[in-house]
Structure formats: C-alpha cells, structure tokens
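Subject: Structure for you to look over

Hello,

Here is the structure I promised. Please open it alongside this note; my findings follow below.

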Amino acid sequence: MREALLSKLRGIRTEERMGPLKKESDGPVLAEWNQSGVKFAASSDKLEGVYYEALRKLLDCVVPTGGEKPILHEGGIYLGCWLESTGTINAELLSRFIPSVSQSTYELFADYQREDGLMPYKLTESGPSYRQIQLVTPLARSVWNHYQLNGQDKTFLRKMYTAMQRYDDWLHTYRNTRGTNGVEAFCTFDTGHDLSPRFWHVPDTPHGNDARICNPDSPILPFVAPDLTANVYCQRLYLARIAEELEESGEPWREKAEMSLNSLFQFCFDETDQFFYDLDKNDEHVRVQSDVLLRVLACEVGDRAFFDQALRKYLLNTRKFFAKYPFTSIAMDDPRFDPFSSYNSWAGPSNFLSLIRAPHAFEYHGRFVELTYVLYPLMAAFHKMTRFAQALSPWTGEEGFTETYSPAILCMLDYVERLSGIMPRPEDELWFTGLLPYAIDHGEVIANGTAYSRVINGVTFELVNTMAESVVYRDGVVILQFPNGLRAVTDRQGKLKSFIGMTVRTVEGVISYEGREWHVAVKGNERIDLVNGFELKKRPADLGVIAPTYG
C-alpha cells in the first residue's frame, strides 16, 4: 500500500484538481499554494475529493478587498473579513499554506485603524466598520506565529506592533469603565456570540452603534467579559515577545498582562463551579456555561493542572460540551441549550470557529491525545461534507447554516495536517503525525492509508501513513520509519528531535532513522527525545491520558 499511496501523491496535479479558475487573483494564490508543496492523497477517493473541494472553495474566500492584494474573507453569507476570526485564527492557519494572503489580511486591519486607535471589527468591499469590537483570538499571537513561520519580516512586525499598541490603549480607555482592568462587553456582537443565552436581554450592538458607548439604560450592562479580558491578557504576553524582538523592553507588557489575569480571576472566575462567567453591572455572574471557557483556555490562561481539571469537568464531559461532534457552544445540561444548526447560533451547535481555536488550548499543555478525541469525529463529519457550513449538528455531524465558510474549510485543512500530515511550527519544528482517520460513523472506513507532502526551504518532505507504520521521505529518500500512533518532531531540515505518543494505547515497535534502530514503547502524551544523535531518552514527566467523563 505504501508505494501505491506514494505514487498517487506524486501523481497529483493540484491545478487539474481545481479546474477552471474563477477570477484573476486565483492564479497567483494557487501558485503560492503549490510553492508550499502541500498535497494530500488517501486510499479513499471520497476523502481526497472532499479535501480538494475544500481547496477549491478556499479560493472563493480569497478576494482583493480595500486594494489590489487579495485577503481572506469569512465566506458564506459573510461578505468580508472579521477581526475575531478571519483576521486572526483563520489567517493564522492560512499562514502555513498561503502566507502572503495572511500578511495582507493582517496589515489591512492596521491600515484602516481609526485615528483614536480603534481597529475595524470587519472589512468589506464598502469599507471598514467600527461599530463593535468583536475580539476572540489574540491578534498578536497570530502575527507572531506568522512572523516566526515566514521569514521574520521586521518591517511587517513593527507596523503591526505599533497598531496593536494603539488598540490596547483604546481598549483601556473605552472598555474599562468600571475600573476592574478587565475588558467590558457592551453588546452581543462584541464577542460574536449571536443568539447566545449569555446575552439575553442585551442589545446586539453598542449604544448608538458607537463602540465607545454602553447603553446607559441597561439594567445589567456593561459586562466584565472573561473572553475579552483573556484575549487582552494573551495579547499582551505576545506583545512583550514582539517588543523584545524589536529591541524594546517587554516587561511593561508583562506587567499589564498580569493586571489582566488578576482581573479575570477576581471578577469572572467562580471558585465553586470552576468556570468563567461575565460579571454584570450589579456584580452578579451571568451563569451561562458557554464556549467562553474554551476561548479563555486558548488564550493560555492557567497551568496544566488547571487545564486538566477543565477537561474532566467540562470540555470532555458528555453532559457539558463533549457532544458526539464536539464542542457545543452552550453546555448541553443547560435548559437553554438549543442544538439546531440551521441558523447562525451560538446557543448550542458546534461552531467551526470553536473547532479551529481548540487545538492551541490542548497542545499548549501537551494534551495531544485528548485533542484526537475531537479530530476523529470531525474527520468523519468532513468525510461526508459538501458545503462547508458554519456549524454542525452536535448529534449527527450534519452541516448547518451557510456554505463556503472559510473557518470550516481551514478546519479541514488544519485537521488533516495535524492528524496525518506534515505541519510546520513557529518553533522551527516540523510535526510528522502517524495517525489515520477512524471509522466513527456506521463503520464506514474513511481511509486505511494517507500520504502528504510539503516543501520546506526547497526540500520536499513526504509522509506515508498506513495502519502499521509511517514513513518519511526527504527529496525521495526514506529517512525515518516509525510505528503508527506516534508523532515525529524534527527541525526544519528533517533532523530528528523527538517522538510523542499520540494514542491512548502504548505504541510498541521499531523506529528506524539514518541507519539506526530503536525498539520503543511510548505511552499516550509521552515524549522521548533523541540525545547526542544516537540515544532515545524519555522525559521524566508522565502526563498520562485523560478519558472522557459523563456527569
């Protein structure tokens, strides 16, 4: 099977898979994709077909806007680019495939920053809009990761740093009216939580559609918002890194970040529930358990023990957020939970924006195996996808509202790469992951084998995964073989650094690398390092694996 998959991979011509291009900018964008060397082949023509359909639809979401350069659009009914998603986490994923579009997307938000420091919450053909703030993924993290992955352009970094510094000042001036050092929500759309019970009896937009003003007649506003506060906390941590890269002190940013973190726990964290809630103007917690928790954790709040507790109590709890197709946007045991995904709703269905934000929260704490619990059912859902909708039914995995939605498209590209592909990392690493999609639904086999390629610094890497083993090629020559169920970590030249156990079982077998062989037994989440070029040594920490819970 290995040779057949490799032959199939090498025979793929992406331009032929795309068919006729629809607009002038598609040619250069597709050419840049081809420069990345990314191709995917599978034993299943169906899965492979869905993958290239995703790429075709991604081109529809890359559109010149506000100038000649194409930027990433949200897609579907959302005709433009939103800072909470398209301008941050979506572009962060796209940066591994078409970095010029990501950079243009980031820069346009700086270009249209208002004189008082407010960035637009969205950009469309009709221009920028400043009506609300709508923040979730920290822009500074996305910018930093792009900078680390793609050539370290300090002119770009300086431009974005200056803009983000001004925006931080704006938020402190206009969204800290209660003096908590948290960040306040004035309306539903400030967090993009459309129809969420979190914001019942709250207007969708700020007072007079002015992002600086809260409705003075509201009995409950403003909210000190945990996700907005966590966003600024994490934003400031990355602004510290950027400042130091630009030869400035990062310490003032770390001090500000600590203020944000203190505010988050003082005003928004409930010790009894171990959950983050909005704090209304009457100092009452808005006790709606929503994906706010996942948003906060994706902003690097808390240590591993804190994250593990959240997994057991909430994220991997089938009574809370761990539906058959996770993660629900409201806890399933809340009577306000609404599973319907046929309209734009954060009142229950599993939204793709949550699903593309989730990996960072898990990987930041070394919970690689636990993340696969999410990847497997979603890959089963992708296997039957035709429209790439905004949300899924948490019960059936069926596609919901709208289509050609770039977070869903990028989610598939990202999940394929994390599960079975070659993933470049900001830490100058490559991840070669030896897992396959699993037959979750009705026993239908998704793929018994996959192959993936990437070009890094002019070198072509290929990974072939079968049910028995994974094989890595560098410029056509086998350099590494390892058992199914592991992830190999190398530097960008393909020099082996370590292995990670990627499944709940202990993976046993032989690793072959540059003429050496090792017999290994690697437990889930365990990491073994290559020391001195010839010895595999396990790291002392044994994280174990956290199983799903039920109540």
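**Cysteines**

The disulfide count is zero. Bear in mind that this is a predicted model. The cut-off behind the count is a sulfur-to-sulfur distance within 2.5 Å. C268 belongs to no disulfide, and its nearest cysteine sulfur, on C299, lies 13 Å away. C299 is in no disulfide either; for this residue the nearest cysteine sulfur is that of C234, at 5.0 Å. Are these cysteines buried or exposed? C268 is buried, because its relative accessible area is 0% and buried means under 20%. C299 also counts as buried, at 2% relative accessibility.

**The six-stranded sheet**

Next, the strands. Six of them make an open sheet, in the order β15-β16-β21-β22-β25-β26. The pairing is antiparallel. From one strand to the next, the twist averages 25°. Which strands stand at the edges? They are β15 (422–425) and β26 (535–538). Each has a single partner strand, so one side of each has no neighbour in the sheet.

Inside that order, β21 and β22 run antiparallel and are joined by five bridges.

**K495**

K495 sits in the loop between β21 (486–491) and β22 (496–501). K495 is exposed, because its relative accessible area is 54% and exposed means over 50%. Which residues does it touch, leaving aside neighbours within four places in sequence? K495 is in contact with V489, T490 and Y513. There is also a distance to note, from K495 to E514. The two are 19 residues apart in sequence, and their C-alpha atoms are 9.7 Å apart in space.

**The β23–β24 hairpin**

E514 brings us to the hairpin. β23 and β24 form it, with two residues between them. E514 is in the turn and has a positive phi of about 50°. The two strands, β23 and β24 (residues 516–522), pair in the antiparallel sense over seven bridges. S512 has E517 as its bridge partner in β24.

β23 (residues 507–513) is also joined to β20 (residues 477–483). Those two strands run antiparallel, with two bridges. Here S512 turns up again, as the bridge partner of Q481.

**Where to start**

I would open the view at K495, in the loop between β21 and β22. Then go to E514 in the hairpin turn, and finish with C299 and the sulfur of C234, 5.0 Å away.

Best wishes

Conventions. Residues numbered from 1 in each chain as written. Predicted model: local features only at pLDDT ≥ 70, side-chain atom pairs only at ≥ 80, totals over all residues. Heavy atoms only, no water. Helix = DSSP H or I, 4+ residues; strand = E, 2+ residues; numbered from the N terminus. Buried < 20%, exposed > 50% of the residue type's maximum accessible area, 1.4 Å probe, protein only. Contact = heavy atoms within 4.5 Å. Pairing = 2+ DSSP bridges. Axes fitted to C-alpha atoms, helices over the stretch in contact; angles between N-to-C directions.
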